[in-house]
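Look at the sequence and the structure before reading on.

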There are 2 protein chains.
Amino acid sequence: MVKVTKVDLSPRPVEAMSPRQLERRGNLIAAALALVTEIGVERLQMRQVSERSGVALGTTYRYFSSKDHLLAAAIAEWHRSLLTDLVGEVRGRRAGLTASDRMVRFVRHGMRAYQRQPELARLRVSVAASTDPFASEALQAMARADGAALRAVMTEVPPSTGDVVRHIVGHAWQGELTAWVTGRTTLDDARRRLEDVVRLVLTPYEAADPAA
Amino acid sequence: MVKVTKVDLSPRPVEAMSPRQLERRGNLIAAALALVTEIGVERLQMRQVSERSGVALGTTYRYFSSKDHLLAAAIAEWHRSLLTDLVGEVRGRRAGLTASDRMVRFVRHGMRAYQRQPELARLRVSVAASTDPFASEALQAMARADGAALRAVMTEVPPSTGDVVRHIVGHAWQGELTAWVTGRTTLDDARRRLEDVVRLVLTPYEAADPAA
DNA sequence: GTCGCTTCTGGAACGCGTTCCACTTCTCCG
DNA sequence: CGGAGAAGTGGAACGCGTTCCAGAAGCGAC
């Protein structure tokens, strides 16, 4: 009687990882981010990521189901930290800015951050269409974080339309980023258009933030 | 003295093709579309496309710079024909529908078309982030066609805000399609959200179509 | 300790996009 | 028609994501 069932080789859930494993996972993500900013997404190869974080190639695939999964996790992490920066920045302004003004500041700073790290913009765009379920999950989490941040910025928009407004801004952001990164548009045009979208969709809520 | 300069191996522009070459190009696109609907984007390989259109693999690369380029050209072609269908459909309704109503019909029919051809939806999404300049060009053309179609549907929106509205709808469409195709959302939710976006952004123009 | 398990390692191997090459076939000008 | 340059052919070869395998740690239970 020979053992026939293969061991499960799909990545363990993060919650089920030992501290040692969590550290490895973190190293892999860090290595991926570092390599992307150094040499670009296009030139990044899995073998390098493994080597730089001191694990065998096969091991990398026990933490991430695919290159897409790893990259999605990486950009999600970076994007999350960007979001808290942005929310802080907008909150920092104590004046009674309108929701529209605040949101414009928000996306403007966001676009500038991507401008400073164009390779990360490329990364975000290139990973957005991934069909790897694990990557998809990471991207979904990123979208949720986006939603929460946007909600924090537009406190005066009622929940009824708030969802739709958030989707509009999120999709427009992603779309303009894509258009820029793939060379279909200049960065300035992308930023301008995104701000136009924000203004158009938020003008109904011109009243100053009651919480200010 | 040895000849050193390599021959130009990037695809010739379409305008500069002989009829024979145009036919080949068309065959390649047709084969790609057929194969995509038969077996899906993921499983499609360049070798099959070449074989099915009776051309050597190397030749395929003299017509399209990359798989992305071929696929972009293919989906652009299909999408263009879809757009004329949709515009016709909306125009066909002679009643004095509001811009918002017409646009909702437009995107609803559009989403249904993609629902009937889910592999083409996948194709559109998977190609959207391509950085191949030739692919990018094809996608840009597709976006222009989209813009023209949307303009035809919302005749009563003034040009000042019309651009922005078109971008919103375009990005939301692409975004929801992506979310569906990558399994981050159900098709119904995607459609519903897209229609919400359309309605929110077009309600200011509720007056009936003056041309009706 | 040591047995039994999971995990990790190093490295070979596979698949498919892409490139290259030596050769044949077109095409079209004189 | 003849001959030069462009375009196409068939097939080998390369690069990198991904998979697989046999053996070597790592680690908890007893």
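A residue counts as near a strand if one of its heavy atoms lies within 4 Å of that strand. The model is predicted. In this model, 18 residues lie around DNA strand C.

- Among the 18 residues around DNA strand C, the ones that come nearest are Thr59(A), Tyr63(A), Arg47(B), Tyr61(B) and Lys67(B).
- Of the atoms of DNA strand C that come within 4 Å of the protein, 70% belong to sugar and phosphate.
- The residues of this surface comprise 7 nonpolar, 4 polar and 7 charged.

**Contacts with phosphate oxygens of DNA strand C**

- Tyr63(A) has a side-chain N or O atom 2.8 Å from a phosphate oxygen of DNA strand C.
- Arg62(A) has a polar side-chain atom 3.1 Å from a phosphate oxygen of DNA strand C.

**Elements that form the surface**

- Two or more residues each come from helix H3 (57-63) of chain A, and from helix H2 (46-52) and helix H3 (57-63) of chain B.
- H3(A) gives the most, with 3 residues.

**Packing of H8(B) and H9(B)**

- In chain B, helix H8 (residues 159-181) packs against helix H9 (residues 187-202) at an angle of about 170°, and their axes are 9 Å apart.
- Angles over 145 degrees count as roughly antiparallel, so H8(B) and H9(B) are roughly antiparallel to each other.
- The contact of H8(B) with H9(B) has 13 nonpolar, no polar and 2 charged residues.
- The residues that meet include Val165(B), Trp173(B) and Glu176(B) in H8(B), and Leu187(B), Arg193(B) and Leu202(B) in H9(B).

How values were computed
Residues are numbered from 1 along each chain as its sequence is written. Chains are lettered from A and ligands numbered from 1 in the order in which they are written. This is a predicted model: local features need pLDDT of at least 70, side-chain atom pairs count only at pLDDT 80 or more; totals for chains, interfaces and linings use all residues. Side-chain values use heavy atoms; hydrogens and water are left out. Axes are lines fitted to C-alpha atoms, for helices over the stretch in contact, and angles run from 0 to 180 degrees between N-to-C directions. Helices (H or I, at least four residues) and strands (E, at least two) are DSSP runs, numbered from the N terminus. Angles under 35 degrees count as roughly parallel, over 145 as roughly antiparallel, 65 to 115 as roughly perpendicular and the rest as oblique. Contact means heavy atoms within 4.5 Å. Ala, Val, Leu, Ile, Met, Phe, Trp, Tyr, Cys and Pro count as nonpolar, Asp, Glu, Lys and Arg as charged, and the others, Gly among them, as polar. A polar contact is a pair of N or O atoms within 3.5 Å; within protein, one must be able to donate a hydrogen and the other to accept it, and residues adjacent in sequence count only if both atoms are side-chain atoms.
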